[in-house]
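Biologist: I have not seen this structure before. Please take me through it in questions and answers.

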Amino acid sequence: MASLFPASDRCWLGGPGSVELAHWQLEVDGADDGLVTIARDHALLVRRHGGAEAGYGADGGASGMLRVEQVAENGPPEGFEILTPEPGRVVVRAADRRGLVAGFFHVWNRGPGAVSAGRHRPATAIRMLNDWDNMVVDAMGSVERGYAGPSILFSGGEMVDDLSRFRDYARLLASVGINALCLNNVNVNDVETTLVTDRLDDVARAAAVLREYGIACYVAVNYAAPLTVGDVDTADPLDDGVRAWWRATAERVWGRIGDFGGFVVKADSENRPGPFRYDRTHVDGANMLAEAVAPHGGTVFWRCFVYDNHQDWRDRSTDRARAAADHFAPFDGQFADNVVLQVKFGPIDFQTREGVSPLLTRLRATHVAIELQITQEYTGQQKHVCYLPELWRDALDTEIGWETDGGPRLYETVGVHTGRHNGFVAVSNVGADPNWTGHPFAQANLYAFGRLAWEPSLTAEELAHEWLRATYAVPDAARDELAALLLGSWQTYEAYTAPLGVGFMVTPHTHYGPSVDGYEYTPWGTYHFADRDGVGVDRTVATGSGMIGLYPPAMAARYETLDACPDALLLFFHHVPYGHVLHSGSTVIQHIYDSHFAGVEQGEAMIRRWHGVRESLPSEVSAVVDVRFAEQLRSAIEWRDQVNTYFWRKSGVPDARGRLIHR
Ligand code: GCU
């Protein structure tokens, strides 16, 4: 079971495009064997689930010829050209293997009858997924922050023997333009530390699968590996023994896997070892690893999620939102050419809404990848519908205003300074669940991330329609309804959870469901400071932590004053009294009540909309969605009531509309 690409009709690869393609003859010319294998796999896939054709009323589709051909001239890396010389004939042309794969899937996802002629190339070089899969189930599970079942790659301390499900995953990723995958959790435990030493054969097996789909293989490494599995008694990056150990390790890794991508590193972060332990900087640490992998063409992804997680909540001088910029911005330009700094889009931690990371505005001479989270750790854990492209668009469209107020937008800045090694990384949301993502609609987030990384200007609406079209063969009206369910779901989720950008009112550890004060007196630096008079975090330069001053001046001016700061981020940047009047005209306390009542009502409206369209989807999909919507509504009500009661008790201010707030 697990080895089959499950129910092709529920996944975009088996959507209408593939049904249509089944009627097309596929011709491959000049491509290497690998691509032929891809094509053959897909043909098999369609045959294997041939029943879907009848089940989905495919009309037999137009038949024709899809030709995939490798051309000798130098095209842009990974780019491809589509030609439609005559009806019923589509030609995909590319100069390299990845271009051929990308072009093939471009046609596959849309169906050959729906593509038009044109040239395509990715806007970014890095389009990477990080799997947070553990080899051994630890306190965080088989997949850390995974909500779709156990790992598809590891089980019981080993890589699984049968990689056919992993192969399906690789195909899924390639079909949306992902070109790099890190196999294991960034929190690297003892067993995973040996992936780059004793377990290289396993990594080579996974890399071979990924290679077929044009995806580079990466491994997350333990910064202290020379000390823990090597024969060196330190992990000091300036120690000769440490440098030699990593050089020898890199030689073995690339000796075994010639096209290996490189390492992902979480250092000095949430109790992980790192250069700070030896009074060294992150430049010392990252460049030491970069030097070891450089002769092999390897890349080091160095995560910037570095902050003090042993903070004393009484200490008002420390602000976690400053940490990444404080640690890394001073070193802009000093990282080696094969280091990519991997920076979470927000300065705290993948919250429903945050200001963008100031570090992203400060790295102008360093390769950067913006890190997003597809797995819904803080956004409903794949029990709630929360369509993330809207959140991502909101962050990526933020105007950075380097020189003057306004543009460029954050997504337009990726790579403008340093060219090639830039792009997007995201934490995957996939597990062994038959539908891959737990909630069938959470697939949309995975699909959208790949497409957005390839073409960062795509709108949330375009992406929703694309995914639906590639996934479910339903009438246009039903597809519009399904798109309407996705669109706005992030704002709905935001409405019934933490208000006005303040974040982190989640249950500690699990991060699911409300616990308004759950993190308030912890060492994690995630506070909202609610008291009887007001709420929010003062990050102003004038009176607060000064975090706003880490942005370029024109951007800082947009957040520093209450007059300028947008409502949606008010409590992220300011501490205000409950009676403070928002730009919307409402007070903060009334907004809290109104948005929480409205959030639940919007959730109910989503369910009504769902009931109108559920019959158009396969019954096994609808059954899962039904159960998840019931939980979403239960949870939304719990959020509403806890948050409203909490703020009523704190403020003593009644709801102006007299609705039920529990005492
Ligand atoms: C969050 C998450 C952790 C994860 C960390 C990271 O804090 O809760 O599980 O390890 O992010 O991104 O490294």
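Modeller: This is a predicted model. In H17 and H21, the helix pair to begin with, H17 passes H21 in a left-handed crossing.

Biologist: Are H17 and H21 roughly parallel or roughly antiparallel to each other?

Modeller: Helix H17 covers residues 476–486 and helix H21 covers residues 588–613; their axes come within 10 Å and cross at roughly 160°. Angles over 145 degrees count as roughly antiparallel. H17 and H21 are therefore roughly antiparallel.

Biologist: In the contact of H17 with H21, how many residues are nonpolar?

Modeller: From H17 come Ala-478, Glu-481, Leu-482, Ala-484 and Leu-485, and they meet Met-606, Arg-609, Trp-610 and Val-613 of H21. By class, the contact of H17 with H21 has 2 charged residues and no polar ones, and the nonpolar count is 7.

Biologist: Which domain does UniProt place at residues 437–659?

Modeller: Over residues 437–659 the chain is 51% helix and 3% strand, with its end C-alpha atoms 37 Å apart. The UniProt entry, which is unreviewed, names this span "Glycosyl hydrolase family 67 C-terminal".

Biologist: What share of residues 119–436 is strand?

Modeller: UniProt, again in an unreviewed entry, places the domain "Glycosyl hydrolase family 67 catalytic" at residues 119–436. The end C-alpha atoms of that span lie 31 Å apart.

Biologist: How many bridges join strand E6 to strand E17?

Modeller: A barrel is closed by 8 strands with parallel pairing, in the order E6-E11-E12-E13-E14-E15-E16-E17. From one strand to the next, the twist averages 25°. E6 (residues 126–130) and E17 (residues 423–427) run parallel, and the number of bridges joining them is 5.

Biologist: Which residue in E17 is the bridge partner of Arg-127, and what angle does helix H10 make with E14?

Modeller: In E17, Arg-127 has Phe-424 as its bridge partner. Helix H10 (residues 282–293) packs on the sheet and touches strands E13, E14 and E15. The direction of H10 makes an angle with that of E14 of about 160°.

Biologist: How are H13 and H18 oriented to each other?

Modeller: Helix H13 (residues 389–396) and helix H18 (residues 489–496) have axes 7 Å apart and pack at an angle of about 90°. Angles of 65 to 115 degrees count as roughly perpendicular. H13 and H18 are therefore roughly perpendicular.

Biologist: In the contact of H13 with H18, how many residues are charged?

Modeller: H13 contributes Glu-390, Leu-391 and Asp-394, while H18 contributes Ser-489, Trp-490 and Gln-491. The contact has 2 nonpolar and 2 polar residues, and the charged count is 2.

Notes:
Residues numbered from 1 in each chain as written. Predicted model: local features only at pLDDT ≥ 70, side-chain atom pairs only at ≥ 80, totals over all residues. Heavy atoms only, no water. Axes fitted to C-alpha atoms, helices over the stretch in contact; angles between N-to-C directions. Helix = DSSP H or I, 4+ residues; strand = E, 2+ residues; numbered from the N terminus. Parallel < 35°, antiparallel > 145°, perpendicular 65-115°, else oblique. Left-handed = near helix turned anticlockwise from the far one by under 90°. Contact = heavy atoms within 4.5 Å. Nonpolar A, V, L, I, M, F, W, Y, C, P; charged D, E, K, R; others polar. UniProt positions renumbered as here; feature names shortened; annotations may be inferred. Pairing = 2+ DSSP bridges.
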